[in-house]
Amino acid sequence: MKFDLKRLFLLNNLTTALLPIICIGVISIAAVKSHVVADHDHNSALLARSIAGQITTYLREPVGTFNLLTNHLRTHGYTPREQSQLLTLLADSYDYFDAIYLLDGRGTVRQAGLKSTRLKERGDYLGMDFSGVEICREARATGRLHWAPSVSMASGEPTMSFCAPLGDGAMLADLKLSDLGKIINESSSTRAFTAFVVDKGGRIIAHPDQETVDRKENLGNLPLFRSALNGTVVTANFSLHNTEYRGTALLIPGLGWVLVVAQEIKLAMAPIHVLQRILVSGLLATVFLAMVLGQIGSRMLRRPFDELTEIAHRVIREDYASVRSVPSWCEEIRILSDTLCRMVDAISARQTALNEQTEELMATEERLRELNALLEEKVAERTASLEKAGESMAALNLDLMQRSSALEDANRQLEAFAYTVSHDLRAPLRHAGSFAALLLEEQGEKMDEEGRQLARRIVASCGQMEQLISSLLQFSRVALSPVNKTVVHPGTLVAEVMAELQGELEGREIELVVGDLPPCLADVILLRQVWANLLGNAVKYTKNAPVARIEVGAVRGDDGTTYFVKDNGAGFDMAGYDRLFGVFQRLHSPREFAGTGVGLAIVANIVKRHGGRIWADARVGEGAEFRFTLPAGPDDAADGGAAGSAVDSDPARQV
Amino acid sequence: MAPRSALLLLFTLFLAFLGSCSCDLDKAIKIGFVGSITGKNSDLGVAERDAVQLAVENVNSSGGINGRMLSLIVRDDAFTPERAAEAVESLAREKVAAIIGPTGSSMAKVALPVAARNNIVLVSPTSSTNELSGKDDHFFRVMEPNQLFARHLAETCIKLKIRRVAAIYDLQNRTYTVEIFQEFRDEFTRRGGTIAGVQSFDSTTAPVFMPLVEKLGLAKADGVMVLASSVDSINIGQQIRKIDPRIPIISGACGIAQRDLVQQAGKSINNIIFTLPVNSRCAKPSYTTFHDAFAKRFNYQPTFAAVLAYDAAQAVMAGLRKNPDPQRFRETMKGIRSFPGLQGEVELDPFGDPHRNLYILRYAEGREEVIE
């Protein structure tokens, strides 16, 4: 929601003015209401008790008179004529008696005391049968005074009948209740309360307005009346004749009647209504004043703001020259106007400087645009030449891959061929060797020394040939056998190999140092071959050393473990290193050290097939060191190695 | 927008101001009651007013008529025709939808022109004058006209072998009393009976009854007809019993409402005979429920007048349920041919007069008994 100054002024004025009035008004009304209700309830209860006391006092007199008369008649032997005179005198003297009757034992009226204005009716009442009147029966039965609401036989108005036993008969008097209304009226009218008496049946029997009594209204269903009938002093709201009242009801002691003292709520709450009217009038006046003041205030404020807005529009149109300071009585607006003017001056100056810089920038931008175009051209040229180079590189790569694949195929075929040839050549060679040995053994004596020498050379050549073929076959097998990688503990393999070499070590002094050999992922059979060949070489080439020293160990690296076998044997000339891992390549003469020249080729092949690499370092006469890398096995596999098995026995560790 | 906001605020404050006033925005349907609540016939008027009040309370406690509450405005005619006319005029100013009343025939006769002028329907519980029978007017009632009562009384006398009847009546309600007596006399003599003696009096002049009763010539009569208010009927009854303790008293007062009056009647009430349009021994649930509720609410037994007034209220409510438009209420009432009364369905003829059964009631040894 958007607000303009006028609304803000109005809202501000209304809020500032109304909120305190409303708050104070509501609190005041609540406080006054509480006070008025409490005051009203206190007054009505007080008045009710007072009127109840007056009614009791009022009734005491006729009852006393009635009792006096009864006792008087009881103790004095009056003649019927005297009785009649006495009753008439009494009825005439005391206005509250409607009529007084003397009844005989059968309930028949024997004497009637009427007011002198009604004396002519006396004949009607004499001889009447009142045997059905309940209080007369009760009075005679209990021997004491009884009373009950009744109706005047003369007027039909409500009365209160008293009856007391007298001799074998009774005395009955009708008491006018209209005087009760007068008492109530005198007590309550000055205090703006209405009071009335209700008998236990719920009928109004005394009211300041006699017509209300005559109407014989029944209030038996009023909760106020019912509660009071139980002996409780009740103050509550009630509705009567479509009018709301608040009043107090109490049981008049000894009578069983309920006295209700009430006031119209409209009247009782008049102070609150006055306060409400004052509050509403105050609110309306405040709203009016707030609107007028809001109008004036907003007009006074809007004029300089309008002018300031106009200045801002001129600034937008870059019309700086016509900007002038706005005169105002308000210091803040004057400062705002001066500041705006200064700001406009500053903007004007900056605009000029900005224009100049913009021109320079535009020239620079033009130059940059040209350089960019040139650069883009050169980049395009370079990109084109790079794309061509990339294409030729890709073609070369493809060619290389094709050749590599062809080479691998040829290698595999060659290995297969070598296996086939060595396997197939072995049998005829063995036959040739066997037959030459047989010839030498059986026909040697028949042959001359040269023949025997030749035969021996055949046997020896065949043996050498078979050894070569065996080596070749072994090499082929290694090359062709699949690699089944598991977790392998090299320490166990070293121990096994060294045990196998025990025969060659006899009579020699050898110092074997085996370091920590971590587990690795490898084919256990092939790896065992690696250790057998390397350790075999170490044992072989240290045979001339006085004390042979063979050291086996490993170094952990990021890409796996590097194992090494180091000896202090014959070593070799590093000049022949390129041939070192070739098949049938030897760096020493067979006479010096026996061998076929296949062992290291096998080792290199196995290491390569495990994804590792092998290299060596040596010096002639000082020994050699062979190192190869293998992918590392899991660390915890070391425990399995200590148990004596080269392969991890736990299937879960196998790869 | 600012003026609009201010107007809205002012309007809100105005509403608050209105709310602070105790303005009467009640939408209740007003119905009036006119009856003799005070005076010697107040037993009828009070019982009728109480019954109508109970009917209104009952209908309001069950949700009103078509969702609208009823508001009862009571006026007293003090058993005087002038006051009855004033009461109707006053209720017309209150814009009541209909008036239940008046109690007495003389009052009804005077009140009717006033009601007609103001286009207000009168539904009387106990007005029985013949003068208002068979007319297309604003007057409806739930009690049979006098003619029927008088004939019924005459027939009853013949049945009870009362051949000579002395009569005494009040001139104050002559529309009822004189009319009943004349109708009775005609029918009774037609059936072979004779009138032994006639006395009249004006109840407003504090009459002395003993000389009147003495002049009736009870020695030559088999029964006495008394046509007066309840109080006067009891007073006259007492005088009659002084002369003749057993002679049957044929009463037109239609019963005695106030128990304290019955007490004052003493033994004189024995052998008083009434003809009533209500069976006080009725066992219909609607009547017994009403009887108990009335006694509980007002602390006295409902009289025949209370029953008729309750029925009159039911007739008005039946009309209001049909069409609450006060301008057309007369036509609406004319359209009601029957409505549920306390002692059965009450049928109305096109002139608003009912057809009900009549019952003969006799007080014997202080108790009521229905003898027919």
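# Notebook: chains A and B

**Leu276(B).** I looked up Leu276(B) and found it buried, because its relative accessible area is 5%; buried means under 20%, exposed over 50% and partly exposed in between, with a 1.4 Å probe and protein chains only. Leu276(B) sits in strand β10 (residues 272-276) of chain B. I use DSSP runs for the elements, helices being H or I of at least four residues and strands E of at least two, numbered from the N terminus. From Leu276(B) to Asp50(B), 226 residues apart along the chain, the C-alpha separation is 19 Å.

**Ground rules.** The model is predicted, so I note that local features need pLDDT of at least 70, side-chain atom pairs count only at pLDDT 80 or more, and totals for chains, interfaces and linings use all residues. Residues are numbered from 1 along each chain as its sequence is written, chains are lettered from A and ligands numbered from 1 in the order in which they are written, and side-chain values use heavy atoms, with hydrogens and water left out.

**Domains of chain B.** I took the bounds from an automatic or database domain assignment: domain 1 is 29-144 + 283-355 and domain 2 is 147-276. Their contact (heavy atoms within 4.5 Å) takes 19 residues from domain 1 of chain B and 23 residues from domain 2 of chain B. The C-alpha centres of the two domains are 27 Å apart.

I then looked up the buried area, meaning the accessible area (1.4 Å probe) that two parts lose on being put together, summed over both. Between domain 1 and domain 2 of chain B it is about 1800 Å², and carbon and sulfur atoms give 54% of it. On the domain 1 side, Lys40(B), Asp43(B) and Asn130(B) lose the most area to domain 2 of chain B, together 35% of what that side buries.

Seven residue pairs in polar contact turn up between domain 1 and domain 2 of chain B, both residues at pLDDT 80 or more. Helices α2 (42-61) and α4 (105-117) of chain B each give two or more residues to the domain 1 side, and α4(B) gives the most, with four residues.

**Chain B against chain A.** I counted 45 residues of chain B and 48 residues of chain A in the contact. The buried area is about 3600 Å², with 54% from carbon and sulfur atoms. The rule finds zero salt bridges here, and ten residue pairs are in polar contact, both at pLDDT 80 or more. Elements giving two or more residues to the chain B side include α1 (2-20), β2 (70-76) and α8 (230-243) of chain B. The largest share, seven residues, comes from α1(B).

**Gln238(B).** This residue is in helix α8 of chain B. I list Gln238(B) as buried because its relative accessibility is 1%. Leaving out residues up to four places away in sequence, Gln238(B) touches Met128(A), Asp129(A), Phe130(A), Gln264(B), Ala265(B), Gly266(B) and Ser268(B).

**Helix α14(A).** At its start, a side-chain oxygen of Asp523(A) comes within 3.0 Å of the backbone nitrogen of Ile525(A). Among the buried residues of α14(A) are Leu526(A), Trp531(A), Asn533(A) and Tyr541(A).

Technical notes:
Polar contact = N/O pair within 3.5 Å; in protein donor to acceptor, adjacent residues only side chain to side chain. Salt bridge = Lys/Arg side-chain N within 4 Å of Asp/Glu carboxyl O.
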